Amino acid sequence: MERLGTGIGWRPEIADAVERMPGIDWVEVVAENTCPGHLPESLRRLRERGVTVVPHGVSLGLGGADRPDEGRLTALAERAEALGSPLVTEHIAFVRAGGPLTASPRLEAGHLLPVPRTRDALDVLCENIRVAQAALPVPLAVENIAALISWPGEELTEGQFLYELADRTGVRLLIDVANLHTNHVNRGEDPAEALADLPLEAIAYVHVAGGFERDGVWHDSHAHPVPRPVLDILTDLASRVTPPGVLLERDENFPEPAELEGELTAIRAALEKGREQRQGQAPVMDATRAGTPAPASDLVRQRVALAQTALLSALVAGTPVPEGFDRVRLGVQARALAGKRADVVAKVAPELPGILGAEYRTAFLGYAHGHPMTGGYRRDALDFAGYLLAAEAVRDERTLGELREWWLERSGSRPRSHRPGVRLARATRRVLLRR
């Protein structure tokens, strides 16, 4: 596996700081947020300096019951080629459910949800990863995710699940030590036991990130400093194997560059501490054999589909909680999903919170409670605005006019601003609204 070194998640908000940051060997970008033909100048300059760029996907849903979407795979492959990446990464998660396998409406989670650690789910995941591997021009690595909830009736531990996955497919692993800490707090899983079961030789690189605890629940926010327990897990990992790369993730609430550099220094120190503990130990041998798993049958896929659809429907559509799940914890997860929807819609359509002001979040959460997301976030923004207009939920005339204009501009086959006479009409309307 190629040595990556020390890296940081590249985000537009910290692009300039990342370029100036010392000791950055590589960066990771969210695949869905990059356009192969229009790469940001910052990424171009980093690549010209020899900094490796790795695309990190979030929407494939490799753990879902359906086979991977060809269009999404093609898009991920295009980004890997445009960035000259040595590998691409995704998640061991499902992000949507429903559809033909269950004869029910398609539902989108808008977030990464855990797959059940069962033989059925493992069979489906292995086959989906094989499909993805065949479609990608570079090796694939998959990440363990953080979870607020546990599935009833699981048959494998996280370490066992990951070991079998790598053993059966030859896929590389992206180990997120912050997610191991999250699952320790939320699901009572021992990070040391997970590390002991892992095929360490399959590790492609490691994620390190921060979060926060509220009411006994750890939220993997990527918006807070890296806590000591996460660094301790990194040290434990480094005491077992030298990871090819380690990366600091930060997605929002960005601190000053000096604080990020301080976190990178702490990460390097945790790695060095682990290396010192490992001195004199026997090296880890490569034991993965990448056997060819038998294809998951349609019946197996349907069983997984029904289980995932029931869970996602309870989380986003208010249907009954499936048997065996913790109702309180599902409530926490449902509120977290709705909150994330509100935050992401505010980013992809910043005009909406600008129009609605302080009422935006309350209005969106009220909409989300009875309206599951069935498409992407941009579609969700449009549906939200349409809902407010249809329900006559906006009383202020000026706000109503701005919201209607925003919705009309985006709801047609082409922007209204490109149609004859619309620009003059919009200008006239603005004048009238100010009177």
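A residue is called buried if its relative accessible area is under 20%, exposed if over 50% and partly exposed in between, computed with a 1.4 Å probe on protein chains only. The views below come from a predicted model, in which local features need a pLDDT of at least 70 and side-chain atom pairs count only at pLDDT 80 or more, while totals for chains, interfaces and linings use all residues. Residues are numbered from 1 along each chain as its sequence is written, and side-chain values use heavy atoms, with hydrogens and water left out.

**View 1. Phe364 and Tyr367 in helix H13 (residues 360-370).** With a relative accessibility of 0%, Phe364 counts as buried, and Tyr367, at a relative accessible area of 2%, is buried as well. These two residues are three apart in helix H13 and are therefore separated by about one helical turn; helices here are DSSP runs of H or I with at least four residues and strands are runs of E with at least two, numbered from the N terminus. An α-helix has 3.6 residues a turn, so residues three or four places apart point the same way. Tyr360, Phe364, Tyr367, Phe384 and Tyr387 form one aromatic cluster.

**View 2. The aromatic pair of Trp151 and Phe325.** Rings of Phe, Tyr and Trp (its six-membered ring) pair if their centres lie within 6.5 Å, and planes under 30 degrees apart count as stacked, over 60 as edge-to-face and the rest as tilted. A search of the whole structure finds eight such aromatic pairs. In one of them, Trp151 and Phe325 have ring centres 5.2 Å apart and planes at 65°, so the pair is edge-to-face. Trp151 belongs to the loop between strand S7 (140-143) and helix H5 (158-169), whereas Phe325 lies in the loop between helix H10 (298-316) and H11, 174 residues apart, so that the pair links distant parts of the chain. Both residues, Trp151 and Phe325, are buried.

View 3. Arg250 has a relative accessible area of 5% and is buried.
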